[in-house]
Each structure stands twice: as C-alpha cells, then as structure tokens.
Amino acid sequence: MSAIRIDDDVQRGTPIRILVDGAPIACFEGETIATAMLAADRLAFRQDTRGAGRGMFCNMGSCCECMVTLVGSGRRVRACLADARDGMEVSTRG
C-alpha cells in the first residue's frame, strides 16, 4: 500500500519538515503526523511485542495503532490526531 497526496485543486499549508526515526520527511502545515508518514511511504508507526510493524487502522484516534513517541518530551501520541510541526522529531521505536 502506498499513499499519495491529491495535487489538483488543493491548497496546502507552508512546507515543513519533520524527522521520523532520524529521517527527514517533507510535509505541510495542517497535516497530521500520520498523513506525513503515509505520504512518505512510512507505513509502520510502532512495533508489536514480536517486533512486527503496526500501521494505520481506524485513522480517527480510536484504535491507537498509530501511536508514536515525540522525541524530547517522550510523550506518546496518536499520529492520526497529532499535527505535524516544523522540526518535530518522532520515533516509531516506542
């Protein structure tokens, strides 16, 4: 599965960049962390107890499959609900 952004007749926010596991991802203000990651083909948001990657499921904050960690604060957030912010660092390693 790969996600793409719709480009025709869409107004986007200012281009920004976040870091996911140390890798830069280009995205736009107003997008969620999940949107940024999916558009960059980053489909695993966390790992289960066996080390298998877990991806998006509900995309509305109910299932918590998209939990990521904000580097610096150590806070766990649902990527589908958290806005991407310029320079934000995210870890999928728990």
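Predicted model: local features only at pLDDT ≥ 70, side-chain atom pairs only at ≥ 80, totals over all residues.

Biologist: Let's begin with C27; why is C27 called buried?

Modeller: Buried means under 20% relative accessible area, exposed over 50%, and partly exposed in between, using a 1.4 Å probe and protein chains only. C27 has a relative accessible area of 1%, so C27 is buried.

Biologist: Which residues does C27 touch?

Modeller: Leaving aside residues up to four places away in sequence, C27 touches R5, T14, P15, I16, I18, A36 and A84. Contact here means heavy atoms within 4.5 Å.

Biologist: And where does C27 sit?

Modeller: C27 belongs to strand β2. Strands (E, at least two residues) and helices (H or I, at least four) are DSSP runs, numbered from the N terminus. Opposite C27 stands I16; the two are eleven residues apart in sequence, with their C-alpha atoms 5.4 Å apart.

Biologist: What makes D21 and R42 a salt bridge?

Modeller: A salt bridge needs a side-chain nitrogen of Lys or Arg within 4 Å of a carboxyl oxygen of Asp or Glu. For D21 and R42 the closest N and O atoms are 2.9 Å apart, and the pair forms a salt bridge. D21 lies in the loop between β1 and β2 and R42 in the loop between α1 and β3 (46-47), so the pair ties together parts 21 residues apart in sequence.

Biologist: Why is R42 called partly exposed?

Modeller: R42 has a relative accessible area of 23%, so R42 is partly exposed.

Biologist: How many salt bridges are there?

Modeller: The structure holds five. Another one is R5 with E31, whose closest N and O atoms are 2.8 Å apart. R5 lies in the segment before β1 (15-20) and E31 in the loop between β2 (23-28) and α1 (33-39), so this pair ties together parts 26 residues apart in sequence.

Biologist: Are R5 and E31 buried or partly exposed?

Modeller: R5 is partly exposed at 22% relative accessible area, whereas E31, at 9%, counts as buried.

Biologist: What about T92: why is T92 called buried?

Modeller: T92 has a relative accessible area of 9%, so T92 is buried. T92 lies in the segment after β7 (89-91).

Biologist: What makes the link between T92 and D21 a polar contact?

Modeller: A polar contact is a pair of N or O atoms within 3.5 Å; within protein, one must be able to donate a hydrogen and the other to accept it, and residues adjacent in sequence count only if both atoms are side-chain atoms. The side chains of T92 and D21 make such a contact at 2.5 Å.

Note on methods: Residues numbered from 1 in each chain as written. Heavy atoms only, no water. Pairing = 2+ DSSP bridges.
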